[in-house]
Amino acid sequence: MRRILIVDDDSMNLKVAKVILESNGYKTITAISAAECFETLKEEMVDLVLLDIEMPIMNGIKTLEYMRAHEKFKEIPVMFLTADADIETVKEAARLGAKGYVKKPFLPHDLLERVGQVIQEKIED
């Protein structure tokens with residue numbers, strides 16, 4: 001079973017993504033901050049991180065920069081969940097190796113399709 005870490009400071013977004021993914025056969029773990037994300041990643045192996053861009057203290061871009069700079073986390077695929085899809089943010093996310101993004105509020109089929117693509121790429125690597 002594929003494991004996905006969902007990181008978002010909005011509890012409703014966490015719940016919605018969790019229900020959608022788990023009802024389609026994924027195991028999910030949730031975190032409400034970058035700090036909680038890193039604590040989880042130290043303990044758990046995951047196949048994908050769904051990461052909100054707009055979070056307090058450490059935003060998603062800084063979180064991804066940190067992940068890419070650390071050996072244990074640098075190969076984990078990351079996809080952004082975001083309402084902020086401006087071109088500069090998209091470019092920075094791509095530069096850091098993000099596997100794309102899902103615009104919030106997300107539709108279930110869009111989330112599942114994009115997650116499925118990233119998981120399939122990971123399997124093929």
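Two strands pair if DSSP finds at least two bridges between them; helices (H or I, at least four residues) and strands (E, at least two) are DSSP runs, numbered from the N terminus. The model is predicted: local features need pLDDT of at least 70, side-chain atom pairs count only at pLDDT 80 or more, and totals for chains, interfaces and linings use all residues. Residues are numbered from 1 along each chain as its sequence is written, and side-chain values use heavy atoms, with hydrogens and water left out.

**View 1. Strand 1 and strand 2 pair in the parallel sense.** Strand 1 covers residues 3–7 and strand 2 residues 27–31, with 5 bridges between them. In this pairing, Ile6 is opposite Thr30 of strand 2. Together with helix 1 (residues 11–22), the two strands make a right-handed β-α-β unit. Right-handed means that, with the strands pointing away from the viewer, the path from the first strand over the helix to the second runs clockwise.

**View 2. Phe38, Tyr66 and Phe73 form one aromatic cluster.** The structure holds 3 aromatic pairs. Rings of Phe, Tyr and Trp (its six-membered ring) pair if their centres lie within 6.5 Å; planes under 30 degrees apart count as stacked, over 60 as edge-to-face and the rest as tilted. Phe38 and Tyr66 make a tilted pair, at 4.2 Å centre to centre and 45° between the planes. This pair links helix 2 (residues 34–43), which holds Phe38, to helix 3 (residues 60–69), which holds Tyr66, 28 residues apart. The rings of Phe38 and Phe73 are stacked because their planes are at 25°, with centres 6.0 Å apart. Phe73 lies in the loop between helix 3 and strand 4 (78–82), so its pair with Phe38 ties together parts 35 residues apart in sequence. Buried means under 20% relative accessible area, exposed over 50%, and partly exposed in between (1.4 Å probe, protein chains only). Phe38 is buried at 8%, Phe73 is also buried, and Tyr66 is partly exposed at 31%.

**View 3. Helix 3 has buried residues on one face.** The buried residues are Gly60, Ile61, Thr63, Leu64 and Met67. Seen down the axis of helix 3, they fall within an arc of 160°, so they line one face; the arc is that of the directions from the helix axis to the C-beta atoms. Their cover includes helix 2, strand 3 (48–52), strand 4 and helix 4 (87–95), where contact means heavy atoms within 4.5 Å.
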